[in-house]
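Please work through the following exercises with the sequence and the model at hand. Each task is followed by a solution in steps.

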Amino acid sequence: MASIPETMAAVLLTGHGGLDKLVYSRNVPVPRPAAGEVLIRVAACGMNNTDVWVRQGAYGTEEDPGAVSTWRRQGNTLVFPRIQGADTVGHVVAVGEGVDPTRIGERVMVDFSIYNREDDSLADIDYMGHGRDGGYAEYMALPAENAHVINTTMTDIELATFCCAYLTGERMLERARLSVGERVLVTGASGGVGSAIIQLARARGAIPIAVAGPGKESAVLEIGAQAVVTRGKGDLVEAVTEATGGAPIDVVADLVAGPMFNDLLKILRPEGRYTTAGAIAGPVVQLDLRTMYLKQLELHGSSQGSRADFRRLVGYIESGKVRPLVGGVYPLSEFHRAQTDFMAKNFVGKLVVVPD
């Protein structure tokens, strides 16, 4: 540990609220790896919507959707100050007791999930950046089993675009049982999870139809969408029917919700499946239950992913079935600018933060 400094730069989340709750400090103690852990020097960390919603306390409660609450409604593990950041790539620089010292020097991608059960159940899952410190820092300690060497020539920045978004997307498609030849309508298709789902659907042999904001149509087509519907332009149901030539939509993978929610159920074929892992246009929606029960639809909630989902993602990365989409790179010291640009959504793919 002699070459590892005592303090480091990090972005500390000091409470729920605005950007002022994110404090860049150069005097944060460097963590020490406990037994079974490794210490990595962070090379890059991707940004996610969850960072913003946790900072804002925007998850509500079952009793009050507008209440200030964090991601984990039951058994909250968030304490302040907290270092956020889930999509971390770095290099192992030290190991704790019981970890093979030959791991020092490995470049690893972090599986950010904190699995609280031995099986692959997600009923009691948490994540790094929430239940323990994450990667918006120069160093990060984590369980050795969550640090994975990936067989790829991608850069650190490129590799940091995958884990949270693609793992979330893969879980959504697995929950909805998307299969070869099926059509999936993807909302928020230019964002991190949406653009991931387009590629993951193609990896499964399915046909993605995208809903994206104005000006992003070409970029979404380039990453694999069969057709693109421009959000907010005309009637959504009619636009999707025109885009598919009348062919049915088997699955809706929704990250937007809000006012379009009921239209998305109308778009689904009878016995179709709806899956969601986000609601950037509003989490409280109107649901006509007649649409749901008369069409015999399935509705799936989804969050993060299992160990099996992560293994499939690694396979897609190593086989080249998915590719990185870097929408911008920011130094850690300019984190406020990075998150401001992230919230503006004027990019395709993922934004990545790197230590100064």
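The exercises below treat a helix pair, a salt bridge and a surface patch.

The model is predicted, so local features need pLDDT of at least 70 and side-chain atom pairs pLDDT 80 or more, whereas totals for chains, interfaces and linings use all residues. Residues are numbered from 1 along each chain as its sequence is written, and side-chain values use heavy atoms, without hydrogens and water.

**Exercise 1.** Describe how helix α3 and helix α9 cross.

*Solution.* Step 1: locate α3 at residues 163–175 and α9 at residues 307–319; helices are DSSP runs (H or I, at least four residues) and strands likewise (E, at least two), numbered from the N terminus. Step 2: their axes come within 9 Å and cross at roughly 115°; axes are lines fitted to C-alpha atoms, for helices over the stretch in contact, with angles from 0 to 180 degrees between N-to-C directions. Step 3: list the contact (heavy atoms within 4.5 Å); among its residues are Tyr166 and Leu167 of α3 and Phe310 and Leu313 of α9.

**Exercise 2.** Identify the partner of arginine 32 in a salt bridge.

*Solution.* Step 1: apply the criterion, a side-chain nitrogen of Lys or Arg within 4 Å of a carboxyl oxygen of Asp or Glu. Step 2: the partner is glutamate 6, with the closest N and O atoms 3.3 Å apart. Step 3: arginine 32 lies in the loop between β2 (22–29) and β3 (37–46) and glutamate 6 in the segment before β1 (7–13), so the pair ties together parts 26 residues apart in sequence. Step 4: the whole structure contains 20 salt bridges.

**Exercise 3.** Which helix gives the most to the nonpolar patch?

*Solution.* Step 1: helix α8 (residues 289–294) does, with three residues. Step 2: leucine 289 is found in this helix, α8.
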